[in-house]
Amino acid sequence: MISITDKVKHRIRLGSLNCSACARSYPITNFIPRFVARQKNYAESFGYEWSRHWQTQLDRYSGLPISRERFFRETGWDKQLNGQIILEAGSGAGRFTEHAASTGATVISFDYSSAVEANYRNNGNSQNVLIVQASIYEMPFREDYFDKVFCIGVMQHTPDPQKAFICLSKALKSGGKIAIDVYQKYKWWKQVTITRYYVRPLTKKIPFPELYSFCRLWVKFWWPFIGLSAKLTGRRFLNRFLLIPDYRDIHTFSDEMHREWATLDSFDMLSAAYDFPQSKGSVISWFKKAGLTEVDVNYGGSLVVGRGSKK
Ligand SMILES: C[S@@+](CC[C@H](N)C(=O)[O-])C[C@H]1O[C@@H](n2cnc3c(N)ncnc32)[C@H](O)[C@@H]1O
């Protein structure tokens with residue numbers, strides 16, 4: 001048995017994990033244990049997106065502490081967690097993995113899609129990070145095991161967010177803490193104004209390369225106009241209508257990087273197989289159903305952010 005702290009020394013590029021109890025075998029490819037079927041699954045739009053944007057949202061690439069601040073704000077966890085074990089569900093390219101690892105804890109980070117390859121490029125060399133391909137619904141981990149569990153930017157993209165939450169909460173050990181966020185479901189009169197919910201049922205059927213090329217051109221074409229519209233009106237409504245996330249008045253990076261983020265997020269919202277926003281009340285009910293205590297659920301921008309502990 002290789003301990004996680006020794007794992008970089010003992011990295012296995014190609015191999016298998018064999019379970020003597022259930023006689024099943026799981027491949028290890030490109031240093032990543034795979035607990036998913038070989039065929040592509042519903043999350044593969046994310047695999048596509050993170051393979052193209054494997055660095056885009058990483059703080060070490062943007063030069064701004066955007067993910068770091070969000071990670072510690074949403075989790076509320078200490079900056080030092082030496083000796084603890086953290087589970088990250090739905091890592092994407094690993095923008096939060098690096099900050100979880102910065103606490104000194106051992107981080108087991110998994111994702112259902114081939115985004116694990118991007119995360120391996122970004123965080124695979126960290127001594128205290130282990131990257132695994134698996135689904136929240138069939139986690140290959142012990143129950144009642146982890147000190148901390150976090151899941152940021154993922155729940156709304158699963159077919160059954162409540163079930164996903166219950167699965168995750170089972171991984172927590174007694175006294176452990178969980179932190180999640182999910183897109184906010186607004187009152188109906190505001191929800192009906194969000195254009196992506198009309199367009200996405202069609203766009204998610206378009207092959208990823210075509211949709212991605214479209215998003216890139218769409219952003220390039222509209223970019224000067226949405227900038228002008230925001231300047232003239234003082235409001236960012238044109239970009240919302242056109243489904244082009246524009247962070248120019250939020251983050252201070254180069255125009256090229258702004259367009260990179262816009263292309264990534266535009267593709268993200270148009271390609272996802274599932275997009276189930278949640279009300280604050282629903283999220284509170286998940287925590288109650290899971291039997292968690294110290295429940296703290298709040299709005300955070302366009303998100304509902306929830307934290308709790310296991311008795
Ligand atoms: C919008 S991305 C967010 C990635 C990362 N957490 C971030 O915020 O940058 C959503 C991620 O959830 C993953 N995902 C979706 N369903 C999943 C499941 N059942 N189990 C694990 N990961 C899942 C996708 O593959 C994708 O990488």
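Here, Ala, Val, Leu, Ile, Met, Phe, Trp, Tyr, Cys and Pro count as nonpolar, Asp, Glu, Lys and Arg as charged, and the others, Gly among them, as polar. Sorted that way, the shell around the ligand comes out as 12 nonpolar, 8 polar and 3 charged residues. Keep in mind that this is a predicted model. The notes below go through the ligand site and then the cysteines.

**Who surrounds the ligand**
- The ligand has 23 residues around it, and the closest are Tyr42, Gly90, Asp111, Ile136 and Ile152.

- Isoleucine 136 uses a polar backbone atom, which sits 2.9 Å from a nitrogen atom of the ligand.
- Serine 135 works through its side chain instead: a polar atom there is 3.1 Å from a nitrogen atom of the ligand.
- Tyrosine 112 has a polar backbone atom 3.2 Å from a nitrogen atom of the ligand.
- As for cover, the ligand on its own has 590 Å² of accessible area, and the protein covers 97% of that.

**Cysteines**
- You'll find 0 disulfides in the structure.
- Cysteine 151 is in no disulfide, and its nearest cysteine sulfur, in cysteine 167, is 11 Å away.
- Cysteine 151 is buried, at 0% relative accessible area.
- Cysteine 167 also counts as buried, at 16% relative accessibility, because the cut-off for buried is under 20%.

Notes
Residues numbered from 1 in each chain as written. Predicted model: local features only at pLDDT ≥ 70, side-chain atom pairs only at ≥ 80, totals over all residues. Heavy atoms only, no water. Near = heavy atom within 4 Å. Polar contact = N/O pair within 3.5 Å; in protein donor to acceptor, adjacent residues only side chain to side chain. Areas by Shrake-Rupley, 256 points an atom, 1.4 Å probe, with all protein chains shown as cover. Disulfide = S-S within 2.5 Å. Buried < 20%, exposed > 50% of the residue type's maximum accessible area, 1.4 Å probe, protein only.
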